[in-house]
Amino acid sequence: MTDQHFYEPALGHGLAHDPLNAIVAPRPIGWVSTLSPAGVANLAPYSFFNVFNYTPPLIGFSSQGWKDSVANAQASGEFVWNLATRPQAEAMNASSAPVPPEVDEFELAGLGKLPARLVAPPRVAGSPVQFECKVTQIIRLTTKEGRELSQWLVMGEAVGIHIDRALIEEGVYQTAKARPILRGGGPADYFEITQDRLFHMRRPG
Ligand SMILES: Cc1cc2nc3c(=O)[nH]c(=O)nc-3n(C[C@H](O)[C@H](O)[C@H](O)COP(=O)(O)O)c2cc1C
């Protein structure tokens with residue numbers, strides 16, 4: 001026995017629960033709206049999500065399986081990212097229900113729609129920040145041997161960004177003021193960002 005629990009994921013983690021997404025946590029949530037070819041609005045959260053580039057802004061989410069959000073993003077070349085916050089946490093969760101593409105998850109979750117300016121999918125009313133995105137790449141993930149997985153990474157360029165002015169103070173966006181929620185591990189863990197957790201550290205040089 002050493003102080004370290006070491007495992008090779010291909011052989012199993014040897015714990016009661018897979019710790020992976022509890023370790024890489026908390027993760028921001030890609031609350032993604034798309035439009036189906038039939039014109040049905042779709043909304044779903046993806047915590048395998050992040051921003052990958054400043055200029056142009058590139059964001060991406062990863063789908064475990066070919067889900068409606070990926071199919072719609074591929075068919076239309078567009079999606080909207082909506083910031084998930086504490087007041088809309090339950091609605092965000094409701095929008096993750098496994099329902100067929102004919103079901104509008106905005107309606108399912110009791111959420112209103114706002115039109116986007118540059119893309120067709122609607123924005124979530126009440127969400128304080130949204131990125132209107134054009135799809136740049138849909139990458140099928142592979143193992144190190146090159147075996148194709150049933151997982152897809154959807155990358156998009158944010159071509160239009162909406163920010164609630166209440167979150168901007170003297171030109172500076174106030175992260176905690178939006179009360180963003182992030183995903184922890186396990187079946188139900190979330191974290192809310194609050195101002196009292198903030199600390200400052202500048203880069204060397
Ligand atoms: C907080 C949260 C995060 C999620 N993250 C992911 C994820 O990263 N990838 C994924 O495939 N599913 C994820 N899911 C599950 C999807 O939201 C769910 O499968 C949903 O039905 C997909 O909707 P769609 O088929 O309309 O795209 C997550 C669910 C929740 C509640």
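Contact here means heavy atoms within 4.5 Å. The model is predicted: local features need pLDDT of at least 70, side-chain atom pairs count only at pLDDT 80 or more, and totals for chains, interfaces and linings use all residues. Residues are numbered from 1 along each chain as its sequence is written, and side-chain values use heavy atoms, with hydrogens and water left out.

The protein chain contains four helices and 14 strands; helices (H or I, at least four residues) and strands (E, at least two) are DSSP runs, numbered from the N terminus. The radius of gyration is 18 Å, close to the 17 Å that the globule rule gives for 205 residues, so the protein chain is as compact as a globular protein of that length. This radius is taken over C-alpha atoms, and the globule rule is 2.2 Å times the number of residues to the power 0.38. Along the principal axes, the C-alpha atoms fill a box of roughly 60 × 40 × 35 Å.

Of the contacts in the protein chain with a separation of 6 or more, 57% are between residues 24 or more positions apart. Buried residues make up 38% of the 205 residues, where buried means under 20% relative accessible area, exposed over 50%, and partly exposed in between (1.4 Å probe, protein chains only). The protein chain exposes about 12,600 Å², and carbon and sulfur atoms supply 56% of that area; accessible areas come from the Shrake-Rupley method with a 1.4 Å probe, and for residues only the protein chains shown count as cover.

Strand S2 (residues 30-35) is largely enclosed by the rest of the structure, because five of its six residues are buried. Two strands pair if DSSP finds at least two bridges between them. S2 is joined to strand S3 (residues 41-46) by six bridges, and the two run antiparallel. In this pairing Leu-35 stands opposite Ala-41 in S3. S2 and S3 form a hairpin with five residues between them, and Gly-39 in the turn has a positive phi of about 90°. S2 also pairs with strand S6 (residues 78-82), in the antiparallel sense over three bridges. There, Ser-33 stands opposite Val-80 in S6.

Strand S9 (residues 129-142) holds Val-135, and Cys-133 is also placed in S9. In a regular strand the side chains alternate between the two faces of the sheet. Cys-133 is buried, with a relative accessible area of 0%, while Val-135 counts as partly exposed at 24% relative accessibility. Leaving aside neighbours within four places in sequence, Val-135 is in contact with Ala-73, Gly-77, Glu-78, Phe-79, Val-154, Met-155 and Gly-156. With the same exclusion, Cys-133 is in contact with residues including Ile-59, Gly-77, Glu-78, Phe-79, Val-119 and Gly-156. The C-alpha atoms of Val-135 and Glu-78 are separated by 5.4 Å, although the two are 57 residues apart along the chain. Cys-133 and Phe-191 are 58 residues apart in sequence and 26 Å apart in space, C-alpha to C-alpha.

Leu-182 stands opposite Phe-191 in S14, and three bridges join strand S13 (residues 181-183) to S14 in an antiparallel run. Three strands form an open sheet in the order S1-S13-S14, with antiparallel pairing. Strand S1 (27-28) and strand S14 (190-192) stand at the edges, each with a single partner strand, so one side of each is left without a neighbour in the sheet.
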